[in-house]
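Please read it alongside the model.

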Amino acid sequence: MNVHIANDEKFIDGFIRNVERFTNSDNTFIVINIYGNVKYVHSKNVIIVENDFNSLLKVIDSIGSIDKIYFHSLTELFADIIHHYYGKCTFIWLFFGGEIFMMIENRDRVLMNKTKKKLN
């Protein structure tokens, strides 16, 4: 079983549609309610969880055998989940840019240099 954990963000519905359309793997999608109510995710194939460790932990534990947990961002809550399940499954971090580009040191020192090398 693959578990995908994401915040309520605009791109998650499209991601879920693509996974369902192009893969035949067994996936569970968990969406964190970070706004007080779900604003962006409208897919029927998600489990909505409140934005706290115990709520998320309860849902993950109820799933059963998990091979991989995909994090569609990296937040403090997700880091706590990694710490809790460390050694029990594989973790995969999917990022869409915001987590990296907002870190000015990484952007300027690492990403810009790699981009310049690729473009030259």
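His4 has Tyr70 in β4 as its bridge partner. β1 and β4 run parallel and are joined by four bridges. β4 also pairs with β5 in the parallel sense, again over four bridges. Strands count as paired if DSSP finds at least two bridges between them. Helices (H or I, at least four residues) and strands (E, at least two) are DSSP runs, numbered from the N terminus.

| Strand pair | Sense | Bridges |
|---|---|---|
| β1 and β4 | parallel | four bridges |
| β4 and β5 (residues 90–93) | parallel | four bridges |

Phe71 stands opposite Trp93 in β5. From β4 the chain crosses through α3 to β5, and this β-α-β crossover is right-handed. That term means the path from the first strand over the helix to the second runs clockwise, with the strands pointing away from the viewer.

This is a predicted model: local features need pLDDT of at least 70, side-chain atom pairs count only at pLDDT 80 or more, and totals for chains, interfaces and linings use all residues. Residues are numbered from 1 along each chain as its sequence is written, and side-chain values use heavy atoms, leaving out hydrogens and water.

Next, the packing. Ile81 touches Ile5, Phe53, Leu56, Leu57, Ile60 and Phe71, not counting residues up to four places away in sequence. Contact means heavy atoms within 4.5 Å.

Finally, the loop. Lys10 lies between β1 (2–7) and α1 (12–22). Is Lys10 buried or exposed? Lys10 is exposed, at a relative accessible area of 62%, where exposed means over 50% (1.4 Å probe, protein chains only).

How values were computed:
Buried < 20%, exposed > 50% of the residue type's maximum accessible area, 1.4 Å probe, protein only.
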